[in-house]
Amino acid sequence: MNPPNNQNFKFPILMITALVLGIFAAGSEELVISPLLLDLADSFNSTVDIVGLSVSIYGIAVIIGAPLFAPISDKISYRLSLLIGILLFLVGTIVCTLAGNIEWFFLGRAISGLAAGTFIPTAYAFVGEQIPYESRAKVMGAIVSSWSLSLILGVPLGSFIGGIFHWRWSFAILILLGITVAMLILIDLKGKHEINKIKYKDTEEPVVRSFIKALFKPNVFLIIAVTFCNMLGFYGMYTYLGSYIRSTLPLGDSITGVILIFYGIGFATSYFSGKYADKIGKSRSLIFTMALLTIILWIIPHLSNFYWLFFFLLFLWGGMQSLTVTMLSTILSNCSNKYRGRILAIYSLTSNLAVTLGSALMGPIYVNFGYKIVSIVCAAISFLGFLISIKAYYNQPDKQQSIEGMNCAP
């Protein structure tokens, strides 16, 4: 299915609402574990480090879920894949809510991870199929912004509910949200026959080969490389930002979370900044954001004593990181119609791999050499991504489309 043009475009309001709420729910469930670790450890007669393994289990399941269901979404229906994802989310969240021991809780987290690996890349692919490229960035920006809403609203609310009542209620609220998303998708599916038809009849090919073909569609490999550099540099810096703030700023440990909200608020601006990216071009915007992120990562530790300038820099960092994620997912959504789901599954896998490596590789550097050296290393990685984004810009299959973005291949 080719993306619609603006002349015959009808905005899929129900599905976009479902995507925003679904990613908000997935983000909240992923992040709410942190403030609930002590409560979970007490409830399961375990220790924080053991319960913390649920984070790793979740991450591994995300990596498995992304490629597992991508062929279904590409071949038959993105809506069906989204429905599978949110139903898995409901099953996983219910298992976590009712878990009587740590083993059942781990199982619930694994199912929830599969759900996130299914739902999130498919959400990006759905936008790529349904929204005209000329206005796609602002819609993709709204979906990306829902991640920040889970950080700003979902996690504090879940932590508050868990503290007042019980940690199980933090998950129970997410069940209601998941049911709402499932209902919106089912309502939108009513009367549609896309589940009963095959979009591409020639997709009966080995899974590994299909992913290799997707990766080497025009410009996909380069944009995936930018994604890896961006997420590796970002998470290497962000993982140890809280520790750096607590050890550097004489504001008290309890203020650290409040300071990080500046980043979260900045991350929520991608819907608005995405509008401008639609006007000036996605690939040009990507080059700009990667350049600015390189500078931000380098100077953050040098401005920590200038409080309001430091807070503004965190806000700007969040805004640029959010816009970069929006541009990457938007550009990749237009690189191939046939392999769109697979491409965005690779994008999700790359992001999760970079996040894991970022925190692991920068830890020893932070401990042995300090945060300023971490910033230099992460800025250098981001600069490499900036150079690759320039290469991708000039490597487009159709130079006539360079103002708008990467050319879409069939």
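**A walk through the predicted model**

Hi everyone, let's start with some rings: Phe 44, Phe 105, Trp 167 and Phe 171 are linked into a cluster by ring pairs. Rings of Phe, Tyr and Trp (its six-membered ring) pair if their centres lie within 6.5 Å; planes under 30 degrees apart count as stacked, over 60 as edge-to-face and the rest as tilted.

Some housekeeping. This is a predicted model, where local features need pLDDT of at least 70 and side-chain atom pairs count only at pLDDT 80 or more, while totals for chains, interfaces and linings use all residues. Residues are numbered from 1 along each chain as its sequence is written, and side-chain values use heavy atoms, leaving out hydrogens and water.

How confident is the predictor? pLDDT is its confidence in each residue, from 0 to 100. The chain averages 77, and 77% of the residues score at least 70. Helices here are DSSP runs (H or I, at least four residues), numbered from the N terminus. Over residues 398-410, pLDDT stays under 50. Where pLDDT is low, the predicted coordinates should not be read in detail.

Back to the rings. By the pairing rule, the count comes to 13 aromatic pairs. In one of them, Phe 234 and Trp 317 have ring centres 6.0 Å apart and planes at 70°, so the pair is edge-to-face. Phe 234 lies in helix α10 and Trp 317 in helix α15 (residues 307-332), so this pair ties together parts that are 83 residues apart in sequence. Both Phe 234 and Trp 317 are buried, meaning under 20% relative accessible area, with exposed being over 50% and partly exposed in between (1.4 Å probe, protein chains only).

Now for Trp 308 and Phe 311: their centres are 5.3 Å apart and their planes at 85°, so they are edge-to-face as well. Trp 308 and Phe 311 are three residues apart in helix α15, so about one helical turn separates them. Trp 308 or Phe 311: which is buried and which is exposed? Trp 308 is exposed, at 67% relative accessibility, whereas Phe 311 is buried, at 8%.

Helix α10 (residues 220-238) also holds Met 231, which is buried at 12% relative accessible area. Beyond four places in sequence, Met 231 touches Gln 321, Ser 351, Ala 354 and Val 355; contact means heavy atoms within 4.5 Å.

Technical notes. pLDDT is the predictor's confidence in each residue, from 0 to 100. Helices (H or I, at least four residues) and strands (E, at least two) are DSSP runs, numbered from the N terminus.
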